[in-house]
Amino acid sequence: MLLCVGVLIYLVLVSDVVTPIGGVDAWAYLGLLLYPLLGIFAVRLNRGFTSSSSRTLFPVTLLMMGCSLSPQILESYGVVCTLAFIAFYYLLSDTYRKHQSMERYFVAFALLSIVTFVTPQLLLLLPFLILCCIPLKSLHLRTVCAALIGIIFPYWMAFGILFFIDDLAFFPQHFSAAITILPPTFDTISFPIRGWMLTIPYLAIQVGWALLLLIPSVANVFFCSSMKVSARANLSFVSLLTIIFLLGMFFLPTICSSLLPLLLLWAAILGDSFFVVPLTRANNIFLTILTILWVVLYVLLVWSISLAY
């Protein structure tokens with residue numbers, strides 16, 4: 001884990017001079033403090049809401065391994081989006097079988113609605129995030145209405161403010177940006193193979209790393225018979241969030257950089273449950289293979305930065 005933190009610091013320092021991945025601004029230094037703390041927070045959440053009783057920092061290690069491959073997660077939009085979704089996850093994870101949870105649904109979705117002022121296309125994902133709460137068994141008509149009111153509330157406040165200052169042109173521009181899908185430009189890594197250049201998008205490497213964790217972890221959530229009912233509900237909630245994020249990154253690629261930190265966080269939470277419960281020889285072998293693949297991907301990343309330098 002300490003090695004991954006050092007790798008992340010190195011990539012930030014190099015990105016001040018070399019910018020093959022789009023560059024990193026002053027928010028990067030805040031992110032260097034945020035993501036280790038975020039990993040520790042994931043450990044506490046796992047211990048409280050899932051079946052993991054491990055007191056190690058293994059989820060932090062998984063998170064930092066992904067972060068070291070993804071320096072663009074330190075951009076400002078990603079930091080803001082990550083903080084909002086952590087609050088969203090914390091508020092709703094504690095509503096398992098609690099029917100009187102309208103205020104939590106309202107606050108959670110109001111926070112996400114505020115973030116949509118920064119990333120307008122995230123507004124298209126919010127209705128689907130309501131459906132992700134089904135495994136928590138606290139979703140009913142009143143909580144759905146509370147979530148919808150929470151989504152509308154920040155826009156209602158903004159409308160009132162802009163109405164009094166006579167500046168309503170913001171809303172047509174904002175909603176137009178939300179439904180406009182532009183072709184994104186992804187930074188790539190290139191290396192020669194027998195006389196020809198192989199070009200791979202950085203995002204493919206980063207999402208590929210997350211999928212290596214997510215595919216067996218999500219399968220373990222749905223098919224593991226030894227998992228507690230409450231733990232399965234919470235991890236099913238995280239699994240559905242992950243699936244929605246993957247679909248959102250595919251259909252709305254312009255917000256990939258904002259959703260990538262969260263994808264790495266969900267992968268760390270689900271990966272911890274996969275490697276800890278139940279612990280088998282197959283899990284240990286897969287972890288060894290995963291570590292080797294991470295080393296290969298990191299070498300490719302550092303090599304591309306060195307070539308650009």
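Is arginine 104 buried, exposed or partly exposed, and what is its relative accessible area? I started my notebook with that one, and the model I opened is a predicted one. Arginine 104 has a relative accessible area of 24%, so I noted it as partly exposed, given that buried means under 20%.

**Entry: the partners of Asp94**

I looked up the salt bridges next and found that the structure holds 2. Aspartate 94 pairs with arginine 104, and their closest N and O atoms are 3.7 Å apart. I checked where the two sit: aspartate 94 is in the loop between α4 (76-93) and α5, while arginine 104 belongs to helix α5, so this pair ties together parts 10 residues apart in sequence. Aspartate 94 also forms a salt bridge with lysine 98, with 3.6 Å between the closest N and O atoms. Through shared partners, Asp94, Lys98 and Arg104 join into one network.

I then looked up accessibility for the other two members. Aspartate 94 comes out at 29% and counts as partly exposed. Lysine 98 is partly exposed too, at 40%.

**Entry: α5 against α7**

The crossing is right-handed.

Which residues meet here? On the α5 side I listed, among them, Met102, Tyr105, Phe106 and Phe109. On the α7 side I wrote down several, including Arg142, Ala146, Ile149, Phe153 and Tyr155. Sorting the contact residues of both helices gave me 13 nonpolar, 3 polar and 1 charged.

Definitions and conventions
Residues numbered from 1 in each chain as written. Predicted model: local features only at pLDDT ≥ 70, side-chain atom pairs only at ≥ 80, totals over all residues. Heavy atoms only, no water. Left-handed = near helix turned anticlockwise from the far one by under 90°. Helix = DSSP H or I, 4+ residues; strand = E, 2+ residues; numbered from the N terminus. Contact = heavy atoms within 4.5 Å. Nonpolar A, V, L, I, M, F, W, Y, C, P; charged D, E, K, R; others polar. Salt bridge = Lys/Arg side-chain N within 4 Å of Asp/Glu carboxyl O. Buried < 20%, exposed > 50% of the residue type's maximum accessible area, 1.4 Å probe, protein only.
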